[in-house]
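Here is a short tour for you, with the cut-offs spelled out along the way. Please have a look at the model first.

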Amino acid sequence: MLYYLFEYLDKTLNIPGTGVFQYITFRSALAVILSLMISTIFGKRIIGFLRNQQVGETVRELGLAGQNEKAGTPTMGGLIIIIATLIPVFLFTKLNNIYIILLIVTTLWMGTIGFVDDYIKIFKKDKQGLKGIFKVIGQIGLGLIVGSVLYLHPGVTLRNETNKTITINQKENVIAPMAAEEKSTATTIPFFKNNEFDYAELLAWTGEGYENWAWLVFIPIVIFIITAVSNGANLTDGIDGLAAGTSAISVVALGIFTFVSGNIIFSSYLNIMYIPNSGEMTVFIAAFAGALVGFLWYNSYPATVFMGDTGSLTIGGVIAVLAISVRKELLIPLLCGIFLVENFSVVLQVSYFKYTKKRFGEGRRIFLMSPLHHHYQKKGYHESKIVTRFWIVGIILAILSIVTLKLR
């Protein structure tokens, strides 16, 4: 909203200094400062409200050290993240930008699913929360919306360099690179020199006109990514500060991708896709990262609030949509490697247990407990040590992801 006010003051009234709001970097700085202030200052009031409403965590008996002390700690702290993100976004972004609209919808959509899940657990005294099938339906619904909008909306384009013959004089023609905006389902394959891949090419075997059916591949991929990443973030939210910290690291890395991909100069220098209007997502990312870091003020060990599914599902959904929008979804296994390993540890544990039970008559386990962070707790590592080491791994993965901009 303030963006439009300052745009009016600059272009209509010509007030000196108001043009600074046109810069993404300036608005991103304001967004991160405001989100930090909201999450740290008003977060305490939200926690107090949750405590007064007896919105306390019911901890399952897992036989983990310090577990019982966490019983009764306020949950649904994801509301802090959502509020601290959306207020700066409404103030400092171009609200008519399709990417910003998608991210706002994602935040509210996944936040609502998580809120309902937490509500059922706490007030309905049902430890299972929202049935898994309804969570999946909600994630698929969001995937359909995001995939359809990215595929159909005229504001979602890529600009590729094409060669065009131009006449210098009557005797001399040269071939010069010209930029052309176009609809595309292309994405980026990391670590490859010619790293653009169009999902439509998976249908090339169907014959001429296969590009018109690219949505049959693109939309299911979007649904899968949103579902997988949101569930991965949900599983990672198991000990104090783990999900918020690792997510903040991944989000900052995505902020670098959105900034360079949305800037025609940087994208040309780095020889990457230029995605018009995508740079605006940097402001959203700044607000989101600030909210996550501010939330850590209260969620670091020993936590005075848990994010609950309200926060974890929102975090996963937002990260997935950001990666897809900036065409870096194939980097998710590297960038969000913590989520992947946490998810994979559960799949391995369950699969191996079922296999050994069927073959040997008794279920056996690969890990002492899954997800993976609980395995290290069972081995006697303190929560703070586990979280710090996971953060370090997350930073390494984020750096490797950023390096792919040039390392091919």
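Helix α5 covers residues 132-152, and its end C-alpha atoms lie 30 Å apart, which agrees with the 30 Å that its 21 residues should span at 1.5 Å a residue. The expected span is 1.5 Å times one less than the number of residues. This is a predicted model, in which local features need pLDDT of at least 70 and side-chain atom pairs count only at pLDDT 80 or more, while totals for chains, interfaces and linings use all residues. Residues are numbered from 1 along each chain as its sequence is written, and side-chain values use heavy atoms, with hydrogens and water left out.

- Among the buried residues of α5 are K135, Q139, L142, V146, L150 and Y151; buried means under 20% relative accessible area, exposed over 50%, and partly exposed in between (1.4 Å probe, protein chains only).
- Glycines are on that buried list too, including G138, G141, G143 and G147.
- The buried residues of α5 pack against α4 (98-123), α6 (215-236) and α10 (308-325), where contact means heavy atoms within 4.5 Å.
- Helix α7 (residues 242-261) reaches 29 Å from its first C-alpha to its last, close to the expected 28 Å for its 20 residues.
- Most of α7 is covered, with 17 of its 20 residues buried.

**R408**

- R408 sits in the segment after α14 (383-403).
- With a relative accessible area of 27%, R408 is partly exposed.
- F191 is 217 residues away from R408 in sequence, yet their C-alpha atoms are 4.1 Å apart in space.
- Leaving out residues up to four places away in sequence, R408 touches F191, F192, K193, N195, L270, N271 and I272.

**The whole protein**

- The secondary structure comes to 14 helices and four strands, counted as DSSP runs (helices H or I, at least four residues; strands E, at least two) and numbered from the N terminus.
- The radius of gyration is 23 Å, close to the 22 Å that the globule rule gives for 408 residues, so the protein is as compact as a globular protein of that length; the radius is taken over C-alpha atoms, and the rule is 2.2 Å times the number of residues to the power 0.38.
- Along the principal axes, the C-alpha atoms fill a box of roughly 85 × 60 × 35 Å.
- Of the 408 residues, 49% count as buried.
- Among contacts with a separation of 6 or more, 71% come from residues 24 or more positions apart.
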